[in-house]
Amino acid sequence: MSRHYECYKPNTCIISNGFATMGISLPGAIAAKLIHPENRVMAITGDGGFMMNSQELETAVRLKLNIVVMILNDSSYGLIKWKQKDRFNESFCVDFTNPDFVMLAEAMHAKGFRVESTEHLIETLEEAFRCEGPAVIDCPVDYSENEKLSMHLREVMDRYRI
């Protein structure tokens, strides 16, 4: 995500840059909304990272915070899997099953959405930002594009090795 997100104003994007990144997104969004209640706040997290602090959704509900949480759902620790495959040509113990995130959100008194195709992403985001209180968007992703990117970068680097 951080490779593609462009910040246009200082202090508008929180990224932990490798310092315990898994699980920071939802608590970080809660803190950002408490500090700047006038701003629209969205957390973007993988499914594994969300599950590490999913209980904090109750905090956002209790505080009536209008935040949006987009879960990039691949039923695995996608970044770890990518790194393992890149380094060892295989992955180990990184795949898992998830709860139904829409139902989980609604069980915690938040609004839940699921994006079924890229064509519906923008309208789902707009609807989620109109919600009173927190909204969770379950967004299925395919991390195989990361593997293609790794192969391309390796080829580029190999061309410049001496």
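What follows is a chat about the fold, side-chain pairs and surface of a predicted model.

Student: How many helices and strands are in the protein chain?
Tutor: The protein chain has seven helices and four strands. Their order along the sequence is α-β-α-α-β-α-α-β-α-β-α.

Student: And what does the C-alpha trace span along its principal axes?
Tutor: About 55 × 35 × 30 Å. The accessible surface of the protein chain is about 10900 Å², and carbon and sulfur atoms contribute 56% of that.

Student: How many of the 162 residues count as buried, as a percentage?
Tutor: 33% of them. As for contacts with a separation of 6 or more, 69% are between residues 24 or more positions apart.

Student: Which residues are buried in H1?
Tutor: Ser25, Leu26, Gly28, Ala29, Ile30 and Lys33 are buried there. Their cover includes strand S1 (41-46), H2, helix H3 (56-62) and strand S2 (67-73).

Student: Switching to rings. How many aromatic pairs does the structure hold?
Tutor: Two. One of them is Phe50 with Phe101, an edge-to-face pair with 5.6 Å between centres and 85 degrees between the planes.

Student: Where do Phe50 and Phe101 lie?
Tutor: Phe50 is in helix H2 (residues 47-52) and Phe101 is in helix H5 (residues 101-107), so the pair ties together parts 51 residues apart in sequence.

Student: Is Phe50 buried or exposed?
Tutor: Phe50 is buried, at 3% relative accessible area. Phe101 is also buried, at 1%.

Student: Which charged residue lies over the face of Phe129?
Tutor: Arg40 does, at 4.1 Å from the ring centre. In another such arrangement, the charged end of Lys83 is over the ring of Trp82, 5.1 Å from its centre.

Student: How many salt bridges does a search of the whole structure find?
Tutor: Four. One of them joins Arg62 and Glu58, with the closest N and O atoms 2.9 Å apart.

Student: How far apart are Arg62 and Glu58 in helix H3?
Tutor: They are four residues apart, which means a separation of about one helical turn. Glu58 is partly exposed, with 35% relative accessible area.

Student: Which residue forms a salt bridge with Lys81?
Tutor: Asp95, with the closest N and O atoms 2.8 Å apart. That pair links distant parts of the chain: Asp95 is in the loop between helix H4 (78-88) and H5, and Lys81 is in helix H4, 14 residues apart. Asp95 is exposed, at 51% relative accessible area.

Student: What does Asp100 meet in a salt bridge?
Tutor: Arg114, with an N to O distance of 2.7 Å. Here too distant parts of the chain are linked, with Asp100 in the loop between H4 and H5 and Arg114 in strand S3 (residues 111-114), 14 residues apart. Salt bridges with shared partners join Asp100, Arg114 and Asp138 into one network.

Student: Are Asp100 and Arg114 buried, exposed or partly exposed?
Tutor: Asp100 is partly exposed at 33% relative accessible area, and Arg114 is partly exposed at 34%.

Student: Now the surface. Which residues form a nonpolar patch?
Tutor: Met22, Met52 and Ile80, with about 230 Å² of accessible area together. Met22 lies in the segment before helix H1 (25-35), and its relative accessibility of 32% makes it partly exposed.

Student: Last one. Where is Lys64 found?
Tutor: In the loop between H3 and S2. Lys64 is exposed, at 66% relative accessible area.

Key
Residues numbered from 1 in each chain as written. Predicted model: local features only at pLDDT ≥ 70, side-chain atom pairs only at ≥ 80, totals over all residues. Heavy atoms only, no water. Patch = residues over 30% accessible without salt bridge, like charges linked within 9 Å, V, L, I, M, F, W, Y side chains within 5 Å. Areas by Shrake-Rupley, 256 points an atom, 1.4 Å probe, with all protein chains shown as cover. Salt bridge = Lys/Arg side-chain N within 4 Å of Asp/Glu carboxyl O. Helix = DSSP H or I, 4+ residues; strand = E, 2+ residues; numbered from the N terminus. Buried < 20%, exposed > 50% of the residue type's maximum accessible area, 1.4 Å probe, protein only. Phe/Tyr/Trp six-rings, centres within 6.5 Å; stacked < 30°, edge-to-face > 60°. Lys NZ or Arg CZ within 6 Å of the ring centre and 35° of its normal. Contact = heavy atoms within 4.5 Å.
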